[in-house]
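Let's go through this protein together, one question at a time. Have the sequence and the 3D view ready.

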Amino acid sequence: MRTIRAFSLIAFAILLLAAIASGRKLREPKATADYFPLRVGDSWTYRNTEEGGYTWKVLSEEPQENGPARYVVEVRSGVVIQNVFSKDGGWILFHAESYPEHEGLKATYDPPKQYLPNPLVAGQKWESTGKDPTQVEHHESSRVVGFENVTVPAGKFRAMKVVSEVSGSGSPLTRTNWYADGVGLVKSTTQGGQIKYGSELTDYSFKKKPAK
């Protein structure tokens, strides 16, 4: 009798666990936030607060033998700039910037500059020092403030606010950027002394993923 009773209890427990398991929804692991997406073919269009604007476009992905792939991003405004980035160890790394229309105007960073933590987390801080393509020394001290709701022509975003203090040969500047998960930079302002300008995202076009 005890054996039958024990068997019944075990069977009941198995049925109970099966019922609980069947009622649970399988949760997919949450994707890591990406505040600086780099996919070949993706492009962003910005308008300046004063006049004009510029575009960003990821031109190519270049595999490396001893490191992460590097991405060539073209910036078009009054001039054409090509920036080279990679993603490694929770950072967006900035390797080089060049001006194809102006031979010899190029800056290479070795080791690369820590351009932006990715993903962004409130409270992060970092600094960078180096020369721009005109060989002017500059220093940046940056910090991640936290989330803010931002409205720009491209839409409404819950964006992470990043503030950078920039010093060099001219007056100190404060640059504030807002980055949205899965989209990237959505708004930027720079001010210091008599200088004040900025830009806002007006449109972005991402390459569709191939159907499975």
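Q: How many helices and strands are there in the protein chain?
A: Here helices (H or I, at least four residues) and strands (E, at least two) are DSSP runs, numbered from the N terminus. This is a predicted model, where local features need pLDDT of at least 70, side-chain atom pairs count only at pLDDT 80 or more, and totals for chains, interfaces and linings use all residues. Residues are numbered from 1 along each chain as its sequence is written, and side-chain values use heavy atoms, with hydrogens and water left out. The count for the protein chain is 1 helix and 12 strands.

Q: In which sense do β3 and β4 pair?
A: Two strands pair if DSSP finds at least two bridges between them. A hairpin of 3 residues links β3 to β4, and Val73 sits opposite Asn83 in β4. Over 7 bridges, strand β3 (residues 67–76) and strand β4 (residues 80–88) run antiparallel.

Q: Which residue takes a positive phi in the hairpin of β4 and β5?
A: β4 also pairs with strand β5 (residues 91–98), antiparallel over 7 bridges. Gln82 stands opposite Ser98 in β5. The hairpin has 2 residues between the strands, and the one with a positive phi near 60 degrees is Gly89.

Q: Is Ser128 buried or exposed?
A: Ser128 lies in strand β7 (residues 125–131). Buried means under 20% relative accessible area, exposed over 50%, and partly exposed in between (1.4 Å probe, protein chains only). Because its relative accessible area is 11%, Ser128 is buried.
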